[in-house]
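Visitor: Can you walk me through this one? I'm new to reading structures.

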Amino acid sequence: MLQDAVAAMAARLRRRRRTFALLGLALLLYALAGYVLLPALLRSAATRYAAGELHAQLSIGALRFDPFRCLLQVDDLRLRDARQQPLLGFKRLRVNADPLLSLFTASLRLAELRLEQPDLDLVLYADGSLNLLRLLPPSPPQPETSPSALPDLRIATLAISAGHLRFTDHSKPAPFTLELQPVDFTLQDLRTQLGHASAYQLSALSRAGERLDWRGELSLQPLALSGALRIGALQARTVAAYLQNQLPLRLLDGEVDVQGHYQLQLSPQLELALQLPQIELRQLALGEYGGTQTPLRVRKISLRDLDFSLAQRRLQLRTLTLEAPQLQLRREADGRLNLSRLLAPAAPVAADSAKSAAASPAADSKAVAWQLALDELQLREGLIDVQDLSLRTPFAMQLPALSLQLAQYRNSADSQPRLRLDTRLRQNGRDIGQLHLSGSLRPAAPAASLQLQLQGLQLSALQPYLQQYSGVLLHSGVLGLQAQLDYATQSRGANLHLAGALDIAQLRAADRAQDQDFARWRQLQLEGFDLQLPAQEAPRLRIARVRLREPYARVIVQADQSLNLAQLGSAPSAAPQPPAAAAAVAPADAKPLQLEIGALRIENGSAYFADESITPRFAAGIEQLQGGLDRLSSAADARTHLQLRGQVAAYAPVSIDGSLMPLAPTRYSDLSLAFRNMELSTFNPYSGKFAGYNIAKGKLSTELHYHIEDRVLRAEHHVRLDQLEFGEATGSKDAAPLPVKLAVALLKDRHGVIDLQLPVNGSLDDPQFRYGALLRQTFFNLLTRIASAPFAALGALFGGGEELQYLDFAPGSAALGEATRDKLAALRKALLERPALKLEVPQTVSETDREALAQQALAAQLPAASDTAGQRRALEALMQQLQLPRPEAGASEAALRGALLTALQPGAQALEELGRQRALAVQDALLSASEIAPERLFIVGAGPAGASDSGAVRMPLSLR
């Protein structure tokens, strides 16, 4: 028994030795296969696969496998393509499997998967293919199958350390290259089972110093990511270099920091949620496409508490802050804005894309609208640099210290965010105004209700625009505006309402050609103005009161008889307008402005008028102008009352009263103007040109009344000239051929006053109607009538009728008849009232006087006879006495009388004496009252005599 037991034991020992030997041999073979054979096979298979299937060159520094720990380690692997271009490589790969657990759980379990210093070169070619994928042979088409569940995989630790990624994209217009080094990634407890989340961490650093820190949890079923994200110093140049012309804006500079949390889920629906407490963008610079300028720079942009949800279509932001933004707003010479070049050119849309876009609205209309919210927008220390190069003289202005606040913005229909904007206006290094804007907006409408305040705007800064379109040179002027601005859109269009007060102080505007002031004032105030620009209706402007303090206007008639004000409307040598400006025309259905001004008041105004079309030039000024207008309106039937008071020079008051239709003065105007005590020497230029004499002295007072109704003018002029005296003759070729001095003497009374009424009537539709010329012609027609018939004028004024110029005498007599004495009485009165007149009395005789004197001599020498015989004897006796030839026998008594009358004809001396006696008789009759100075009457030589209807001798008097 013992022996059997021993033998059995020995047999068991031998079996165990064989078993151990077999086990040892198996372990040895396993070890040899793991340590030696498997690495060699893996190296050989990998090399052959790379060369045969991938057409690439694979090199492996070392490949080791620890069969007892199931640890695979590969060192210094490098893979190059057929052109010897590097594809990928790494310093070390460690794969540590758990075969027993994998065996018992029917899954792949890895305790560790670690990649050290990987080096990956990714190249995206122009056709969109990737260099690594190009190595793979084309796979046969696979039948469509439903997605299968992921295999059961567990990796306790997956790590990549000190990686190097080089990415090159040739699909862009310009190749893009990005290098990340080091790249570190860890993933703990990766599982493919449903609902399991694995912790991961990723960090990377670019050559430009950009850093990515990404950590959180990863779930493969369903695929989801969540965790914290931090991007540091991401360069705008990197984004711009990659996206290139796909960006709407051209990024030149800037870097962004982002940190926050994220959630990404692909199933059951796509959901991306971001909670980013802080996003900071520094030194942003945007450039022009196709240019070298940098129109926009921002020192810092900060976003706080951003909340984004793709599934809920929500984007909320607590604050958005822009620090020190700088914007260059420039209008080019061709009229285009430089900001248009900030945007990339629009790419052409393919036909298929257009069709799909046209078909999309129906589907998009069912989508939930996005919810946008911004609690506060702040812009601080901003600067806008404005330039307009389209003008003849470029315009430049800055808006420094710009601040903007926008609060509680929502994209909902009832959102009314609050807005406030403050800035200064600066030009050439000096402040030229301040702008303040505050109120509420309604973006959904859109609509706005804003309070606008503009202070101290120096209007001279706008000179380049005035120069472009007029000949005005604006030296100074300060504008202030306080107004309420309301804007709203409706189905018919946009409505704009502006109401408030406007003030322009210290304005001084000059004629650019001569740099002489044509208008200025101390202050212009528009109180209670209300401007409405309703859609599809006529614009309306109402102003409660306009105050104009110390205004001044300079009106010049140029040498070519044009007004200086008319020449101010066009810019001298105007430059061609850009096409956009040239094409801008008023719409055909534009409605005229409806204007209404409650009152216009002028305080202490003045004006200057000069006429350079005559030599010497005429000039006069109006001072201390007061008054204004009441109810100025553009309504068709509106009438405005006008009342103005002022004075010409220092002591000549002027008044203007009446009413008119301001926008249709030819339809109705009724104005009365009065000028008093004006120095006539002021009008020497006109007197010298049209009358031929300068004015030595005199005063003018005149009252003018103009009435225009339906373009028919009725004007009355009451002119009073006091102590008018002419000086030297000017020899003007334009002077009227009239005895002006005589006419003035006839018009001037004994007090030295000329009082005239000059009516002017006519139709304004008459193409020959010119009021100034017509008035001048009326005046000269009056002078012509007076000068050509001075005695008729005196007779009309003082009696005696039109025959006052002529005195009738009985033939051969110097005695004054009753009718002649009546005329002399009227003439004496006229001479008393017209002390400037001088009278010439001619020594007048005629042939009838010769016969009358002979009859008188015959009657004086014939004795009285009672019968015919006695009369004949007396005639014969007288002939004998006069030693006349004896009459023939039988001669008639008439023949005897004829012979005697011939013999008794008076001589020249007798006739002269008769003419002198007549002149003396007239002189005595006029000077008998001793009220007329004798030196005003002149007895002149014999002149031609006239004959009256009664046969009397007519003495023609003359005035000078």
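Guide: One term to begin with: contact means heavy atoms within 4.5 Å. By that rule, and not counting residues up to four places away in sequence, S438 touches L419, R420, S449, L450 and Q451. This is a predicted model, in which local features need pLDDT of at least 70 and side-chain atom pairs count only at pLDDT 80 or more, while totals for chains, interfaces and linings use all residues. Residues are numbered from 1 along each chain as its sequence is written, and side-chain values use heavy atoms, with hydrogens and water left out.

Visitor: Where is S438 found, then?

Guide: S438 is in strand β18, residues 430-442. Strands (E, at least two residues) and helices (H or I, at least four) are DSSP runs, numbered from the N terminus.

Visitor: And does S438 count as buried or exposed?

Guide: Buried, because its relative accessibility is 19%. The cut-offs are under 20% relative accessible area for buried, over 50% for exposed, and partly exposed in between, with a 1.4 Å probe and protein chains only.

Visitor: What about Q647, what does it touch?

Guide: Q647 is in contact with G621, I622, E623, Q624, A652, P653 and V654, leaving aside neighbours within four places in sequence. Q647 sits in strand β27, residues 640-648, and is buried at 15% relative accessibility.

Visitor: Zooming out, how many helices and strands does the chain have?

Guide: The chain has 18 helices and 38 strands. Of its 960 residues, 38% are buried. Among contacts with a separation of 6 or more, 58% are between residues 24 or more positions apart.

Visitor: New topic. How many salt bridges are there?

Guide: There are 44 salt bridges. A salt bridge is a side-chain nitrogen of Lys or Arg within 4 Å of a carboxyl oxygen of Asp or Glu.

Visitor: Which residue does R94 pair with?

Guide: R94 forms a salt bridge with E112, with the closest N and O atoms 3.7 Å apart. E112 lies in strand β4 (residues 108-116) and R94 in strand β3 (residues 86-97), so the pair ties together parts that are 18 residues apart in sequence. E112 is buried at 14% relative accessible area, whereas R94 is partly exposed at 21%.

Visitor: What other partner does E112 have?

Guide: The side chain of E112 also meets that of R114 in a salt bridge, at 2.7 Å from N to O. R114 is partly exposed, with a relative accessible area of 28%. Elsewhere, salt bridges that share partners join E255, D257, E280, R282 and K300 into one network.

Visitor: And what does R69 pair with?

Guide: R69 and D66 meet through their side chains in a salt bridge, 2.7 Å from N to O. D66 is buried, at 14% relative accessible area.

Visitor: Last one, helices. How do α15 and α17 cross?

Guide: The axes of α15 (residues 847-861) and α17 (residues 893-903) come within 9 Å and cross at roughly 110°. Axes are lines fitted to C-alpha atoms, for helices over the stretch in contact, and angles run from 0 to 180 degrees between N-to-C directions. The two helices are therefore roughly perpendicular to each other. Angles of 65 to 115 degrees count that way, under 35 is roughly parallel, over 145 roughly antiparallel, and the rest oblique.

Visitor: Which residues make the contact?

Guide: A854, Q855 and L858 of α15 and R897, L900 and L901 of α17.
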